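My notes follow in the order in which I looked.

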Amino acid sequence: MDTRLARISQLSCENPNMVFTSIGHMIDKRLLRQCHAKMDGNKAVGIDGITKEDYEKDLEENLESLVERLKKKSYKPKPARRVEILKENGKTRPLSIYCYEDKLVQEALKEILEAVFEPHFYDFMMGFRPGRSCHMALRKLNVMLEKNKTDYVLDADISGFFNHLNHEWIMKFIGARIQDPNILRLVRRMLKAGIMEDYQLEPTEEGAGQGSVCSPVIANIYMYYVLAWWFEEKVKPFMRGYCDIVIYADDFVVCFQYEAEARAFYERLKHRMEHFGLSLEEEKSRLIEFGRFAKRDRQRRGEGKPETFTFLGFTHYCSESRNGRFRVKRKTARKKFSKKCKEINRRIRDMRIWPVKDIIAKLNQILVGYYHYYGITDNSKSLGNFQYRVEKSLFYWLNRRSQRRSYTWEEFGGLMKQFPLEKPRIYVSIYG
């Protein structure tokens, strides 16, 4: 971190009520040059077609021009280019692709926002934060479920979170700690830059574009005030029983000891979300009985096995250890598993004309990345099933490289010995 930003972060940490009124001048050539060095040159380009390489050809001149426009308050972000990304449920989500210069400014703005707000975020906020990860969120949740008096779980889903962030609330939340008009002006202009689609400019009246460098920290600020602070300061202290929460961006799980308190919180949560321009996805948000007594109590009532819930790509379910003690286990969520299998089948289809050695090398890169995320305690069976599906797709497409079959299963087995696929491996201990 830039030493000046480190100082801002220190001041913010040591003075919780401090409001910063003069920090816009930090977006200078020095910071922008640092941001430029960090940018990925392989990302898609915005509507002006300028790449990192193009911008670098006259870097000093470009940065001087940008800083001058920032000082004169004449800098205005260009509209983003929108593309639609297919989701597991067949729907699409919009992804905004910004011009390179705008991404530079967004990166600098993100650094300032993080320096001011990061010291105040709660430890249970895990998404898009330095030194935190999905696996840390899963470990936190595991402690909540196994080591505490959890009997009910609220698995909530916010409908179109990034698309429905209210701009006025964003400005109020940021303004609670930053009153520099230059920073506030930049944030507002970035939010209002618009979207270019089919050569038509669409105004952006709400939301923070997914694809914006700033969106993750803005999302965290929004969730801090709307949910995290409210839960920690206004809900938790007044509960009779145990309750706790873990948040990853807009995805969160809340655990409770008592059903009545869980239901009351769920109703209050709906109203609070509505107040801030958000809503819960009713079909995906559920309050379920889950915990060490769920199996016993549901069997006594004749209701079958305990229900499951999904968080960060894993389905969590009640189980037991070898000595019969209650344990929460997890496996790859069905939708995530199916989506990845379809994706890798298409990938093998497109690579089928490559030399076998190159196909296997690429598949092993994909497999290792997959195992690093999904290779978590208790998920060995799902990993093995995924490798089997990869082998099956590979066998199918290698036999479509010509009009006659190229391999029998026996011959394919020999090929796998010569060019082996990476074996499933548990990389992450949930108890680590």
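The entries below go from the whole chain to its sheets, cores and selected residues.

**Ground rules.** I am working with a predicted model, in which local features need pLDDT of at least 70 and side-chain atom pairs count only at pLDDT 80 or more, while totals for chains, interfaces and linings use all residues. Residues are numbered from 1 along each chain as its sequence is written, and side-chain values use heavy atoms, with hydrogens and water left out.

**Whole chain.** I counted 15 helices and 11 strands in the protein chain, taking both as DSSP runs numbered from the N terminus (helices H or I, at least four residues; strands E, at least two). The C-alpha trace spans about 70 × 65 × 40 Å along its principal axes. Of the 432 residues, 49% are buried, where buried means under 20% relative accessible area, exposed means over 50%, and partly exposed lies in between (1.4 Å probe, protein chains only). I noted an accessible surface of about 22200 Å², with 48% of it belonging to carbon and sulfur atoms; these areas come from the Shrake-Rupley method with a 1.4 Å probe, and for residues only the protein chains shown count as cover. Among contacts (heavy atoms within 4.5 Å) between residues at least 6 apart in sequence, 70% join residues at least 24 apart.

**Sheet 9-10-11.** I next traced an open sheet of three strands in the order 9-10-11, with antiparallel pairing; two strands are taken to pair if DSSP finds at least two bridges between them. Its edges are strand 9 (309-311) and strand 11 (326-332), each of which pairs on one side only. Neighbouring strands here are turned by 40 degrees against each other on average, direction ignored; the axes are lines fitted to C-alpha atoms, for helices over the stretch in contact, and angles run from 0 to 180 degrees between N-to-C directions.

Strand 9 and strand 10 are joined by three antiparallel bridges, and Phe309 has His316 in strand 10 as its bridge partner. Their hairpin has two residues between the strands, and Leu312 takes a positive phi near 55 degrees. Between strand 10 (residues 314-320) and strand 11 I found seven bridges, again antiparallel. Cys318 is the bridge partner of Val328 in strand 11, and Glu320 stands opposite Phe326. This second hairpin has five residues between its strands, with Gly324 in the turn at a positive phi of about 90 degrees.

**Sheet 2-1-4-5.** The next sheet I looked up is open and mixed, with four strands in the order 2-1-4-5. Strand 2 (92-97) and strand 5 (200-202) are its edges, and the twist averages 45 degrees from one strand to the next. Strand 1 (residues 80-86) runs parallel to strand 4 (residues 195-197), joined by two bridges, and Arg81 stands opposite Met196.

**Cores.** Which residues have the most contacts inside the largest nonpolar core? They are Phe252 and Phe265, in a core of 82 residues. A nonpolar core is a set of buried Ala, Val, Leu, Ile, Met, Phe, Trp, Tyr and Cys residues joined through side-chain atoms within 4.5 Å. Helix 9 (residues 215-235) gives the most to this core, with 14 residues. Leaving aside residues up to four places away in sequence, I listed among the contacts of Phe265 the residues Leu154, Trp230, Phe231 and Met239. A second, separate core of 51 residues includes Ala137, Cys341, Val356 and Tyr374.

**Helix 14.** Helix 14 (residues 380-398) has 19 residues and reaches 27 Å from its first C-alpha to its last, close to the 27 Å expected at 1.5 Å a residue; the expected span is 1.5 Å times one less than the number of residues. Its buried residues include Phe386, Val390, Phe395 and Trp397, and their cover includes strand 11, helix 12 (334-351), helix 13 (356-374) and helix 15 (409-418). Asn385 also lies in helix 14, but is partly exposed at a relative accessible area of 38%.

**Gln106.** Is Gln106 buried or exposed? Gln106, found in helix 5 (residues 100-117), is buried, with a relative accessible area of 3%. Residues up to four places away in sequence not counted, Gln106 touches Tyr98, Met190, Ser212, Val213 and Cys214.
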